[in-house]
Structures are given as structure tokens and as C-alpha cells.
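Please examine the sequence and the structure shown here. The paragraphs that follow lead through the model step by step.

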Amino acid sequence: MASQNCWRCLARPSQRLLLAPVSRSASAPTSAAFSTSAPLLAKAPENSKHIRAGKKLTLGRKKRTPDKTKPPLSGERKAFRKRIQLSNDNALEVKGLDVLSLENAVDAESIGKIVGIPVEVVDQLRTCEAFKPSQSWSLFRSPHMLIRKETVDLASQMTNAIEKKETLRLVVTGSRGSGKSMLGLQALATGFMNNWVVINIPEAQELTTAATEYAAIPNSEMFSQPVYAVKLMQVMSQTNHSILSQHKVQLDHMQLPISVSRNMTLAGLLNATKEPEFAWPVFQAFWKELLLPGRPPILFSLDGLAHIMRISDYRSPVFELIHSHDLALVRMFADALGGKTSFVNGAVVLGVTSRGNSPIIPSMEKAIAQATAAQKGEEVPERDPFFRKYDDRVFDSLRGVKVLDVPGVSKTEARALMEYWAASGILRSRVDEKNVSEKWTLAGGGVVAEMERVVLHDLRATSLSL
């Protein structure tokens, strides 16, 4: 009986591969014998308008139109970013307010009041760059500020330390937007009104982010920043001229590259040179003169403390990163804050932290936590034994300092702020207990920056755009 299976299926695999496949396309007609439709494989006519041509791929850069605007000059963008406007003629003038004085700065009854800043002090604060561009000074007729509980506390500590000819080493800390920089401004205003020698470093990051020139000090492992030193000496001469012009040079500075006589005043010593290569030796001579007995008290302030508690962005001649405390000006402040410098006439060394633009330094945070616990009489927290990146130089510079924590404003202080805003014509809503509690709560418990954002953000954005 014949098999129903194909003989091909019974063949071996090797033999099946050798068999030629049967082509079905050759026998099958491509089209019908008779059809009225056009052939499927026929080409379209060249002049046909019904076929859409595809997009061509161009591999090349697009030609940019040349920018015909004038590029900004050197330093113009930075000047625009740091410009300060302290008055607004469109704002209403608030009458009946007191002016900041030595008496109400330390008076507990002044807490919760808005006071004006004296005109001569405003000029000094502007020169030493105490005003910040992020603050809302451009919305009001003239600069005013709120006397808080922390303001009276800080002013009292500063005054008592100077009267006893002691050194107050204080670190101002707190949450972001709580008013730490404003408290530093109030401390500087207190120093100017008391005729102290005020030295202010407004932005510590300018010393450590490789933004200014530096040079190695001969026969030393330190590095100076001569251009910044020249600028700092000029600012000190302008803001403290009336005080420094009353004191004359007492030491012989034969090692200086310029001639300094005994009849020269300290103000003249600051203006003795404008050459960057002579700036740091002159500044050292001026610092030695300030530490002599009979000199006026000193207020040394720095904003942005975390920036000087880390490895800087500068490089040594062997291309190694330089620690911030190896920069001469930073070392001078760190020694003063750590208690290594002796001030026989009394001094206030103030370090203000920043949370908005600040690196995270575990050594500084731990040192501040230890100082806070020791100040409150609590158990001092130990270092983390499993963390190996602690910096002993940071702990040495913050050993024994006092800490002033700046919280949010109270509801009484918040009401005083809102009443001042309403009197200036900025706040249009009613200032009552309900609205004050609402804004105070929305601001995270009285955070000043958040209160300004809730009430003044739209107006400030409009004024900046104009």
C-alpha cells in the first residue's frame, strides 16, 4: 500500500538541505491576464503633484544670528546683582517712629518697636556692605528695622563685654530666613554708634572660592590676598576715619616697604599704600597697632561662617588644595574667634552663619552643638566615632564660643512689622489678631523671610522688574 506521507519528509536533515527549494513565485502570475487597473509596480510620473516629498535630513549646525547687543563690561553684572536701593519715593513716609540710639538698643521696653537708622550710620553700613540685596529695603521710604528680643540681648552682651574690657566671642545661628544677617547689621550699627573700630567681612565665600587674587607669604606657609586687603583697608578708613584719626602710630615698622613715621595717624597708615604687593604687610602693622593698650575697642564681624571652615578652592604651588585657615586674613579671624588673640581694650568677635548659600560642614555643626550644650549646662555631645572627616582646626577655632540662636519673631513683633508695612502703603489688608496669626502661622512660626514672601513678594518682584 502506498504511503500518504511525502518522501521529502522522510529524508534525513542533511539530505533535505541539499534539495533545491521549489519556487512558487516563478509559476504564479504577477497579475491577472486581463485587468482594467494599473500595474502595482508601475512608477509614478515625475510631474505628479499628489505625492508628498519627504523631509531631507541635514546634519549640520544651525547658523545663529549674531548678537548685536553690547556685551556687559567687566564687573557690571556683579554690580547689578549686588546693588542696594535704600529708599523709595513712592512709599509713604511713616511718622512718629524713634531713631536707633545707644539707650533703646539695650532697653527691654524697646522690644517689638520699629526704629529708624541714623543717616550717618546708614552711610557707614552701606560702605561696609552690611545691607544685603535679598532684603526688602527698596520697598520703603527710608531704612527702618525691628528691635527684637535677640537684638537687645546681643547689644547688652556687647556693651557689657567692652565695659569690662573682655572679649565676646559669639556665633549667630538659626534657621534659614530667621534674620541672622539683620541681627549682624544691628550689631554693626551698635559698634558704629559706640565709636568702636568696626571690621566687617560681608561675604566670607569671596575669600575661599578662588574669586580673588592670592600670593604666598615669604618664609611662611600662609597665603595672602592682597587685592582684597587693599579693598578692606579702604573700607575701614572710610567707616572709621573719625576714630582712627585720633590715634597715632606708636611702634617702629622698619620692616615695611614704605616709610611710616610716629606722627602718622592710624587712618593715614591704612591709606599709606594702594599697591597690592604692599597691602598685607601694612595691614599686619595696622593690626598690631590696634592691639596696643589705649586703643579703641574692636568689632570684628564675618558673615557666612561655614565658608571659612572648609578646604578652600585655592591651590598651592604643588597643586594641593589649601585649607581656609592657611589664608592669612581668614587665620586672623579664626584666631580671634578661637580666643588665641588677646584684646586688652575689649573686643567683640562675631561670626554669622548662613543657611541659604552655605556648605554643610559636619565639624562646625558638631562644634556649635557642643558649645550650645555647654552654654545651657547640658551634657556635651561627643563626636561620632565612626566619622573620620572631622577637622580639628575647626574645633579649635570654635572652642569656648557663645551661641545665639535666632528663632522666628513672636506674634507681638510680627504685628509691629505688619503695622509698619501697612503704614508704608504696602500692606492693604486689615492688621488684626486674625490676620497676624494667619501670616505668622504661614511663615512657619514667624520666620521673617517667609512673612515677607507672603506679604511683600509680589511687590518686590514688580519693583525689581521696573
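This is a predicted model, and the pLDDT of the protein chain averages 87, with 85% of the residues scoring at least 70. Over residues 16-20 the pLDDT stays under 50, and the model has 4 contacts beyond four places in sequence for them. Residues 22-31 also have a pLDDT below 50, and this stretch has 1 contact beyond near neighbours in sequence.

Attention may now turn to the strands. Five of them form an open sheet in the order E5-E8-E11-E4-E12, and their pairing is parallel. Strand E5 (197-201) and strand E12 (402-406) stand at the edges; each has a single partner strand, so one side of each is left without a neighbour in the sheet. From one strand to the next, the twist averages 15 degrees. Within this sheet, E4 pairs with strand E11 (residues 347-352) in the parallel sense over 6 bridges.

Helix H11 (residues 328-338) lies across E4, E5, strand E8 (298-303) and E11, and runs at about 110 degrees to E11.

Strand E4 (residues 167-174) also holds threonine 173. Is this residue buried or exposed? Threonine 173 counts as buried because its relative accessibility is 8%, and the cut-off for buried is under 20%. Its side chain is joined to that of arginine 355 by a polar contact of 3.2 Å. Leaving aside neighbours within four places in sequence, the residues in contact with threonine 173 include Lys180, Thr353, Val403 and Asp405.

Elsewhere, helix H7 (residues 226-239) has 14 residues and reaches 20 Å from its first C-alpha to its last, close to the 20 Å expected at 1.5 Å a residue. H7 is mostly covered, with 10 of its 14 residues buried. Among the buried residues of H7 are Pro226, Tyr228, Leu232, Met236 and Thr239.

Valine 394 counts as buried because its relative accessibility is 0%. Which residues does valine 394 contact, leaving aside its neighbours within four places in sequence? They are Met309, His325, Ser363 and Met364. Valine 394 and isoleucine 308 are 86 residues apart in sequence, and their C-alpha atoms are 9.1 Å apart in space.

Definitions and conventions:
Residues are numbered from 1 along each chain as its sequence is written. This is a predicted model: local features need pLDDT of at least 70, side-chain atom pairs count only at pLDDT 80 or more; totals for chains, interfaces and linings use all residues. Side-chain values use heavy atoms; hydrogens and water are left out. pLDDT is the predictor's confidence in each residue, from 0 to 100. Contact means heavy atoms within 4.5 Å. Helices (H or I, at least four residues) and strands (E, at least two) are DSSP runs, numbered from the N terminus. Buried means under 20% relative accessible area, exposed over 50%, partly exposed in between (1.4 Å probe, protein chains only). A polar contact is a pair of N or O atoms within 3.5 Å; within protein, one must be able to donate a hydrogen and the other to accept it, and residues adjacent in sequence count only if both atoms are side-chain atoms. The expected span of a helix is 1.5 Å times one less than its number of residues. Two strands pair if DSSP finds at least two bridges between them. Axes are lines fitted to C-alpha atoms, for helices over the stretch in contact, and angles run from 0 to 180 degrees between N-to-C directions.
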